[in-house]
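Please look at the sequence and the model first.

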Amino acid sequence: MIDDLKRFTVDVTSALAFGEDPNTLEKERGLIREHLTQLLPMLMFRLNAPFAYWHYIRFARDRRFDRAMIEVHRYVRALMMRTRERMRADAVSMEQDSAPRNLLEAMLALQDAPGSAITDDTVAANVLTLLVAGEDTTATSIAWALRFLGTDDALQARVAAHARAVLGGASVCASYQAARDLDLCEAVCTEATRLHPIAPYVSFEPLEDVCLQGVRLPKGAKLFFLNRPPMMDAANFSDPSRYDPDRWLHNDAPDAVHASRAYMQFGAGPRVCPGRHLASVEMRLVISMLMANFSARIAMNAADITEVCAFATRPSAMPMRLALRDVAIV
Ligand code: HEM
């Protein structure tokens with residue numbers, strides 16, 4: 001499932017942010033996705049390397065990575081070129097409203113504005129950031145939810161009934177209004193990533209000297225905060241080790257502790273994740289589609305699934321056996 005979910009998230013990000021759906025989901029080999037998936041694990045590997053060996057010697061793994069990055073950059077540049085051509089054609093024909101239709105068009109329009117200091121490299125770097133930031137993170141969050149849904153029949157039946165009620169006779173959620181009603185589908189993912197934080201830490205840098213709880217933090221110090229401890233602290237979440245999606249739906253139980261600010265999966269402050277609402281919609285769409293149409297079982301011993309940290313923390317595996325539910329679909 002992890003691979004399929006990554007294909008889905010790449011397709012969604014590209015279609016929405018860049019106006020092109022590479023449809024890696026339906027291709028035998030989703031080339032751009034295969035190259036992209038090498039990026040975060042290599043970043044993690046190099047961050048933990050005892051020294052920056054790759055400046056002196058390149059092993060097979062580094063050469064594979066170099067080749068993948070060449071392909072990724074080629075893809076991004078070609079995407080930018082196609083978008084520019086489309087924008088030029090639209091401007092000439094004047095058939096389209098000239099307002100940017102997606103994020104890439106907005107960035108290119110900004111670059112072309114008089115006095116702009118934005119370069120092609122800046123736009124390309126932002127395209128790459130969006131692709132990388134939105135892929136593993138969202139796919140992995142959904143995969144962790146399947147870890148719980150795939151082993152809990154009662155929860156799965158409840159989510160399936162909820163999804164079917166919202167979707168009606170449709171096979172997928174087709175309207176924004178319907179997506180807004182799928183709170184439980186997002187809650188199963190949010191709660192899964194509270195227990196298995198896919199963003200294991202967030203990094204900050206003070207803009208001025210500060211003193212926090214008696215600790216002096218000089219301006220510019222690099223700070224890394226672990227995300228799991230506050231999310232597993234009973235001072236923030238009642239019965240913290242229990243998987244309980246409902247805690248995200250009605251947190252008004254008189255004695256319940258629910259400090260949602262301790263859920264730092266999307267970071268905080270001025271650099272908070274700009275894709276968090278898109279991620280939430282993707283979770284709602286995937287979980288509702290899966291649960292409404294299929295019954296899902298983990299096809300291995302769930303206890304053997306471990307956390308693998310490759311920048312984002314993903315499950316070691318998530319093989320699922322899906323069986324089509326007996327429903328009339330329009
Ligand atoms: C469950 C899914 C996601 C998680 C857990 C997540 C998590 C994060 C985190 C922790 C940060 C760093 C925030 C900080 O420094 O304080 C971040 C940044 C970012 N995210 Fe996400 N993200 C997710 C989905 C997405 C999606 C779908 C997109 C867009 C397609 C996206 C785009 C970005 C970008 C562009 C940044 C950099 C923002 C900046 O540096 O100013 N993310 N994300």
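Q: At roughly what angle do the axes of helix α7 and helix α9 cross?
A: This is a predicted model, in which local features need pLDDT of at least 70, side-chain atom pairs count only at pLDDT 80 or more, and totals for chains, interfaces and linings use all residues. Residues are numbered from 1 along each chain as its sequence is written. Helices (H or I, at least four residues) and strands (E, at least two) are DSSP runs numbered from the N terminus, and axes are lines fitted to C-alpha atoms, for helices over the stretch in contact, with angles from 0 to 180 degrees between N-to-C directions. For α7 (residues 153-167) and α9 (residues 183-195), the axes come within 9 Å, and the crossing angle is roughly 145°.

Q: Which residues of α9 meet α7?
A: Two residues are in contact if their C-beta atoms, placed from the backbone, lie within 7 Å. On the α7 side the residues are Val159, His162 and Ala163, and their partners in α9 are Leu184, Cys185 and Val188.
The contact of α7 with α9 divides into 5 nonpolar residues, 1 polar and no charged (Ala, Val, Leu, Ile, Met, Phe, Trp, Tyr, Cys and Pro count as nonpolar, Asp, Glu, Lys and Arg as charged, and the others, Gly among them, as polar). The α9 residues asked for are therefore Leu184, Cys185 and Val188.

Q: Why does α6 count as roughly perpendicular to α9?
A: The axes of α6 and α9 come within 8 Å. Angles of 65 to 115 degrees count as roughly perpendicular, under 35 as roughly parallel, over 145 as roughly antiparallel and the rest as oblique, so α6 is roughly perpendicular to α9, the crossing angle being roughly 95°.

Q: Which residues of α9 meet α6?
A: From α6, the contact draws on Ser141, Ile142, Trp144, Ala145, Arg147, Phe148 and Leu149. The residues of this contact divide into 8 nonpolar, 2 polar and 1 charged. The α9 partners are Val188, Cys189, Ala192 and Thr193.

Q: At roughly what angle do the axes of α4 and α6 cross?
A: The axes of α4 (residues 60-93) and α6 come within 10 Å. This arrangement makes α4 roughly perpendicular to α6, with a crossing angle of roughly 115°.

Q: Which element gives the most to the shell around the ligand?
A: Of the 22 residues around the ligand (C-beta atom, placed from the backbone, within 6 Å of it), Gly134, Thr137, Gly267, Cys273 and Gly275 come nearest. The elements giving two or more residues to this shell are α6 (120-149) and α11 (276-293). The shell divides into 12 nonpolar, 9 polar and 1 charged. With 7 residues, the element that gives the most is α6.
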